[in-house]
Number of protein chains: 2
Amino acid sequence: MAKSALTLGVDLGGTNIQAGLLSAEGKLLARDSTKTKADEGAEAVLKRIVKLCDGILEAAGVDHDDVAGMGVGAPGALDVSKGVVIEAVNLRWNDFPLAKKLGEMAEMPVVIDNDVNVGAWGEYHAGAGTEGQDMLAVFIGTGIGGGLIINDRLYHGHFFTAGEIGHTTVAAHASIGRRTVENLASRNSMVLLIQKLIMSNHPSWLVEATEGDLGKIRSKLLAQAVKKQDPLAVEVVAHAAEVVGIAIANAVTLLSLPQVVVGGGLAEAMGDGLIKRIREAFDRHVFPGELKKCKLVASKLGDDAGVIGAALLARE
Amino acid sequence: MAKSALTLGVDLGGTNIQAGLLSAEGKLLARDSTKTKADEGAEAVLKRIVKLCDGILEAAGVDHDDVAGMGVGAPGALDVSKGVVIEAVNLRWNDFPLAKKLGEMAEMPVVIDNDVNVGAWGEYHAGAGTEGQDMLAVFIGTGIGGGLIINDRLYHGHFFTAGEIGHTTVAAHASIGRRTVENLASRNSMVLLIQKLIMSNHPSWLVEATEGDLGKIRSKLLAQAVKKQDPLAVEVVAHAAEVVGIAIANAVTLLSLPQVVVGGGLAEAMGDGLIKRIREAFDRHVFPGELKKCKLVASKLGDDAGVIGAALLARE
């Protein structure tokens, strides 16, 4: 496919499907979304993707034949080279030949990659990625995911699982169980920690804000609590930033990376304050010397990273 | 240069220079070593390398013109693409154009790389590396070094410092100061920890074995103490193995690696017992699933890894 062609990008999640049409110049010409409804089965999901994309093409006034291909970011474990979703729990798919099936139905070439990887690819090419040919993207939300670009290519690794920085360990003695970065610093983990601390009588504005239903805490509320200088929220977020900063320092030390992009729902809600704290921990732990020059910045594309990255992938 | 050519490999250390001639079939035809004597200056060191190599060629009965080139593993920070040693503290070199200068003196093409990287390259091509196109090598000795092969090539990273697994952090709350893997698990760190524990009245056979001069502890003595089931030595080594195992699990989780090779003076002295302990920690911490299939094995080439890897590098 030509580097400059029009392509479609699809961000396929367990709940929603987002899609967009990317121009040769890298602009989103049109964008729309729909529910995934995974329980209706794979065929129904594929039909919804095709219908969504047809609507986008119509809205943009672009003919089907002028589109060079479609890229899809899918959740779970993928065999990218074969275009197969090995296992996607929230779609209930196993060994599903997504690229082939969707390609037949959409009547265009389809390439697929992991949803986190396409987000990283979007940021690398059209977002915050500006330095050199290697990049780590870290997305902090409900969980913590990561994508790696090495030598100007998405890097998948031997078992197609590369980038899982959320499953690395930086504080081996932090508590019992799996003491991964995700288990210490994702939004879910932060909320659990806040619940635990409030149960042991730490006061917090969050009790009032959630009317005692702490399960209601989402990224925006947590960000609000930090802004209000709620001591508990500040401490929990600072700890999470420290853990993420060390994990990023480890990756940069191992791979000698020129840039790291931090995104995801929690990071976006928290803004520059979180990036600053992550940077402080990074600076304390990275291998001293040149690596301090590594850029560590917030993502630029936000929610569009997946759609744009997937569409860019279809240009290859 | 032809893939099958005769090449020279040089392992340039702060104390010793090792060199060897590698056959087209990957056999070391001859091998020798000499003192580095870095205090005599760079020119003198280069002359010693050339003299050493000339002697090796003579011993092997090989003509200078039949050698396709020389690979050198050098310590410190290198710009591999320019063939320059940026800084090598123990050689007292700064911005030294090693490849060019040595190439002129030896009258053959010279390529250089980091000493740890050439060791990793040797193990990857001619040693314990057998799985796929990606590999991490970890060398445990006085310090802890690492080298990465990604997509069948030595990976240097943007700042030419990739592979520094010894400078990653897996136990952020372990003690004050930089809490890196090297600071917790290298031979030096283990000896310091043993000294500290003995000072606080932990009994150990090592007091008797060193006649109280614990600074005498080297890898072989430590291995002997573990073999004798000296409780202090066993505990210190087990802790170090845990730390290294977690660091390796982090690297494999991030990079989805099919294989890890563990070498270095301490690892060789300790043998399979150490690998087994590292593997146990690895299994507890690696991202569950396919990554448990990652091979984790002892190095095969021992001291020859550097020389063989450097010679292989000269084939490129």
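Contact is taken here to mean heavy atoms within 4.5 Å. In the predicted model, 43 residues of chain A are in contact with 43 residues of chain B.

Two copies of a chain are related by a rotation about an axis and a shift along it. For this pair, chain A is superposed on chain B by a rotation of 180°, with 0.0 Å of shift along the axis and an RMSD of 0.0 Å. The two copies are therefore related as by a two-fold rotation axis. Both copies use the same surface, since 100% of the contact residues of chain A recur in chain B.

The size of an interface is often given as the accessible area lost when the parts come together. Between chain A and chain B, the buried area is about 3700 Å², and carbon and sulfur atoms give 62% of this area. Of the area that chain A buries against chain B, 19% is supplied by Y155(A), F159(A) and L254(A), more than by any other three residues.

On the side of chain A that touches chain B, at least two residues each are supplied by β10 (144-150), α8 (231-255) and α10 (272-285) of chain A. The largest share of this side, 6 residues, comes from α8(A). Classified by residue type, the side of chain A that touches chain B has 21 nonpolar, 15 polar and 7 charged residues.

Terms used. Residues are numbered from 1 along each chain as its sequence is written. Chains are lettered from A and ligands numbered from 1 in the order in which they are written. This is a predicted model: local features need pLDDT of at least 70, side-chain atom pairs count only at pLDDT 80 or more; totals for chains, interfaces and linings use all residues. Side-chain values use heavy atoms; hydrogens and water are left out. Copies are superposed by least squares on the C-alpha atoms of residues with pLDDT of at least 70 in both. Buried area is the accessible area (1.4 Å probe) that two parts lose on being put together, summed over both. Helices (H or I, at least four residues) and strands (E, at least two) are DSSP runs, numbered from the N terminus. Ala, Val, Leu, Ile, Met, Phe, Trp, Tyr, Cys and Pro count as nonpolar, Asp, Glu, Lys and Arg as charged, and the others, Gly among them, as polar.
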